[in-house]
Amino acid sequence: MRSGRGVTRRRVLGIGGALGLMAATGLSVSAALARRPSITGAELRSAVPLPPPFQVPLPIPAVLKPVSTSGGVDRYEITQREASAEILPGVTTPMWTYNGTFPGPTIESRRGRPVTVSHRNELPVPTVVHLHGGRTPAASDGYPTDLLLPEGRQEHSMGTGHGSEHGMHDPRAVVAELTRDYTFPLDQRPTLLWYHDHRMDFTAPAIWRGLAGLHLVRDDAEDALGLPAGPRELPLMIADRAFAADGGLSYPALDPTLRVRPGVREPYLAGVLGDVILVNGAPWPVHEVDAARYRLRILNASNARHYELEAVTDDGRRLDLIQIGADQGLLAAPVTHKLLPIAPAERYDVVVDFSGVAIGGRVRVINRLGSGRTRDVMAFRVARKAADDSRIPRTLSNDLPAWRRSDAVRVREFAFRAGRMHTGHGWLIGGLPFDPARTDVTTRLGDVEVWRLIADVHHPVHLHLVGFRVLSRSGRPPLAHDAGLKDTVSLRPGEAVEIITRFDGYRGRYLFHCHNAEHEDMGMMANLEII
């Protein structure tokens with residue numbers, strides 16, 4: 001990495017948050033971080049008229065059926081292809097999709113029963129599939145340079161990691177053409193996972209264009225708890241987007257073909273935010289519910305937008321958000337929130353009880369970090385009285401790992417901060433931009449480690465393969481929403497978070513990175529080798 005010249009005032013203001021304040025105005029670190037901006041990134045404005053909120057029905061992504069269940073393995077097929085969707089009413093939007101829909105189809109599987117998903121790439125660019133939160137062998141984990149090329153395309157002409165403008169070369173990359181099988185053992189706790197594109201340098205625009213879907217893992221013990229189920233279990237993929245005048249998705253890519261030059265225009269270096277909030281691909285939708293408990297499986301699939309969710313009746317009463325699960329499955333016991341912060345790639349499993357809302361009443365889910373149209377997320381309309389035999393047990397699970405600091409064989413520290421790369425502005429881990437040929441961390445299978453993660457601005461940090469527990473935030477106890485086993489933790493500006501994990505499962509090369517997708521594309525990833 002070369003230090004390069006200092007960034008301009010205009011560029012540094014585009015970085016966002018405390019970083020820009022410090023560099024541009026000369027504020028001290030403590031003074032700048034005291035302001036703790038609620039977002040990191042810049043918002044795009046749509047160039048088409050936007051619909052009023054709470055008019056479009058909430059879509060529920062279709063559950064994909066396996067093409068084969070023989071040999072104890074469920075086999076699925078997904079085609080990655082271009083398609084047109086009516087996201088805004090009356091507006092046609094070209095998308096990159098899994099099987100022609102956004103979100104892609106949901107896969108439901110059973111704990112310990114392997115799944116193989118055969119992906120066929122009919123898009124104009126290479127792709128990579130990552131099952132986020134999956135305990136997956138390295139060959140199927142979706143390493144950014146393990147490209148799936150479109151038919152007839154040569155990798156050297158595509159400019160994607162194997163030989164991108166970042167000048168990187170990865171001798172370990174495994175490249176396939178047209179089709180690739182990803183095998184997921186799913187020997188893990190039941191939870192909500194999601195799959196998305198993870199291509200070197202172009203993850204952010206690929207997700208933005210539609211390459212994301214849900215994957216639920218279930219087991220008998222969870223089924224026996226009596227939690228809300230069937231139509232009263234709702235997957236909710238929240239994502240923000242912006243729309244161009246022709247109805248297409250607006251995104252500030254330096255190379256709109258997403259083939260050669262990675263990155264975004266200068267004002268959006270800190271992250272791209274949209275002005276339309278989508279839930280399951282619909283703008284500010286509404287869903288009709290019974291006066292009963294509902295289980296909401298919430299994913300923040302936004303590139304950079306953070307949310308602070310609140311459920312409010314039209315007369316101003318806040319409903320409890322009863323958290324029963326985190327990224328990696330059920331908590332030991334429920335935790336009740338009035339506000340629930342959720343960073344990009346985090347998942348929360350929440351029960352909301354609508355029985356106290358009058359028939360015909362409305363409950364709005366709002367984002368306390370939003371403003372204007374981005375303050376609204378979706379709404380529920382209570383349509384009818386109904387029987388409800390669901391329950392929320394006091395004990396949800398007893399299989400959470402009980403790692404202690406004394407179990408750790410080492411402590412590591414990583415700073416997630418803006419910096420310079422040879423191509424200009426970047427986002428670095430430990431002062432270094434990502435290089436697939438460099439091993440950043442080597443650990444032994446089975447080792448327990450404590451990691452201390454330090455942020456300049458907002459960084460949702462994700463570890464592949466393993467779940468972890470949050471030990472502390474800036475020397476203080478974890479927050480209420482840190483409960484349970486996680487795979488993504490939200491670092492706030494100026495914050496240091498300690499996590500503990502055991503590196504088990506499989507040997508091989510994995511990643512840890514910021515899940516602000518623009519940060520990830522601009523260098524904020526690192527290699528983790530498990531031996």
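I started with a cluster: Phe 414, Trp 451, Phe 503 and Phe 512 make up one aromatic cluster. I'm working on a predicted model, where local features need pLDDT of at least 70, side-chain atom pairs count only at pLDDT 80 or more, and totals for chains, interfaces and linings use all residues. Residues are numbered from 1 along each chain as its sequence is written, and side-chain values use heavy atoms, with hydrogens and water left out.

Next I searched the whole structure for aromatic pairs and got ten. To pair, rings of Phe, Tyr and Trp (its six-membered ring) need centres within 6.5 Å; planes under 30 degrees apart are stacked, over 60 edge-to-face, the rest tilted. I noted Tyr 182 with Phe 184 as a stacked pair, 6.5 Å centre to centre with 15° between the planes. I looked up Trp 451 and Phe 503 too: that pair is tilted, at 5.7 Å and 40°. Trp 451 sits in strand E28 (residues 448-455) and Phe 503 in the loop between strands E32 (496-502) and E33 (508-514), so the pair ties together parts 52 residues apart in sequence. Strands here are DSSP runs of E, at least two residues, numbered from the N terminus.

Last stop: Leu 186, in the loop between strand E9 (179-184) and strand E10 (191-197). Leu 186 is buried, at 1% relative accessible area. I checked its contacts (heavy atoms within 4.5 Å): leaving out residues up to four places away in sequence, Leu 186 touches several, including Arg 110, Leu 131 and His 215.

Definitions and conventions:
Helix = DSSP H or I, 4+ residues; strand = E, 2+ residues; numbered from the N terminus. Buried < 20%, exposed > 50% of the residue type's maximum accessible area, 1.4 Å probe, protein only.
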